[in-house]
Amino acid sequence: MKLGVRESIDKSIKLVVKTTGLLVIAILGGIFFMLLWNTIAFFLKIHPLDFITGTQWNPSGDPEVYGILPLLVSTCLVTLGAMVIAIPLGIGTAAYLSEYASMRVKSALKPMIEMLAAVPSVAIGFLGIVVLGPGIADIIGLSNGLNAMNGAILLAVMALPTIITVTDDALHGVPGTYREASYGVGASKWQTLIKVTIPAAGPGIMAAVMLGVGRAIGETMTVLMATGNAAAFPKGFFHSVRTITATIAIEMGEVPYQTTHYYSLFAIAAVLFLITLGVNLTGEYFVNKFRKYHSA
């Protein structure tokens with residue numbers, strides 16, 4: 001290939017890649033500007049303090065009440081329950097795959113875990129309605145199982161592939177000399193895993209956890225189907241709740257255009273955007289820290 005042609009191809013590819021990157025930034029900026037513009041329109045009608053600290057969400061009431069606190073607490077409650085389940089299971093599974101599983105077992109489990117991430121959220125939500133929900137209701141003695149615990153278990157299942165995959169990569173990134181040094185002083189495989197390998201992979205594991213949190217917070221269809229969608233302030237894991245994402249999905253399709261209710265949905269979407277952005281930036285920080293740690 002002639003030098004001039006190769007340089008032209010390189011410049012064209014560079015231009016395409018640069019344009020794609022700038023387009024992504026422009027789209028993200030446009031989304032943020034749209035949320036900000038409509039959020040400001042909402043706060044011109046409703047005081048921000050009433051929005052943030054209000055304990056009731058009832059846009060169709062008389063008077064209309066726009067308190068995000070029950071939605072925010074519900075979102076945090078379901079996400080917390082999901083992480084309590086997913087973090088130990090995810091890290092434990094990744095540790096087994098990395099340190100104990102044979103190649104045959106690992107080659108069978110890894111594709112199954114990755115396929116779990118491909119299951120549609122609506123299918124998982126349907127299982128929560130017809131299988132998990134009635135099971136929780138029978139065990140606890142409730143009239144129905146559509147509550148925060150149901151949503152937490154389903155979100156844990158959905159977050160597991162992300163946590164397992166990233167944690168497994170982090171454990172594999174620990175230099176073999178660390179393990180050899182631990183074995184050299186008489187440590188067992190379990191002691192090496194707990195006291196050497198996992199602490200050394202700490203930034204990568206933390207990144208896996210934060211990515212799992214982001215996955216759980218942003219999920220819509222599963223929590224919409226499985227948590228009961230009661231907009232009241234949550235009283236516990238076995239009560240029906242409504243998350244921010246479910247509220248937007250339920251109400252946006254029927255809300256009158258450019259009303260206070262309409263703008264309020266953009267306001268709670270802006271809150272969700274900021275929370276998700278913060279979680280993703282935290283995860284990215286730990287990913288970069290993990291890379292620098294192992295490149296040093």
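Domain bounds here come from an automatic or database domain assignment. For this protein chain, the assignment gives domain 1 (3-44) and domain 2 (57-295). Please keep in mind that this is a predicted model, where local features need pLDDT of at least 70, side-chain atom pairs count only at pLDDT 80 or more, and totals for chains, interfaces and linings use all residues. Residues are numbered from 1 along each chain as its sequence is written, and side-chain values use heavy atoms, with hydrogens and water left out.

**How the two domains meet**
- The C-alpha centres of domain 1 and domain 2 are 29 Å apart.
- Contact (heavy atoms within 4.5 Å) involves 8 residues from domain 1 and 11 residues from domain 2.
- Between them, the two domains bury about 840 Å², with 87% of it on carbon and sulfur atoms; buried area is the accessible area (1.4 Å probe) that two parts lose on being put together, summed over both.
- Leu35, Asn38 and Phe42 provide 61% of the area that domain 1 buries against domain 2, more than any other three residues.

**The annotated region**
- An unreviewed UniProt entry carries the annotation "domain: ABC transmembrane type-1" for residues 72-283; such annotations may be inferred rather than shown by experiment.
- Residues 72-283 are 77% helix and 0% strand, where helices (H or I, at least four residues) and strands (E, at least two) are DSSP runs.
- The end C-alpha atoms of this stretch lie 21 Å apart.
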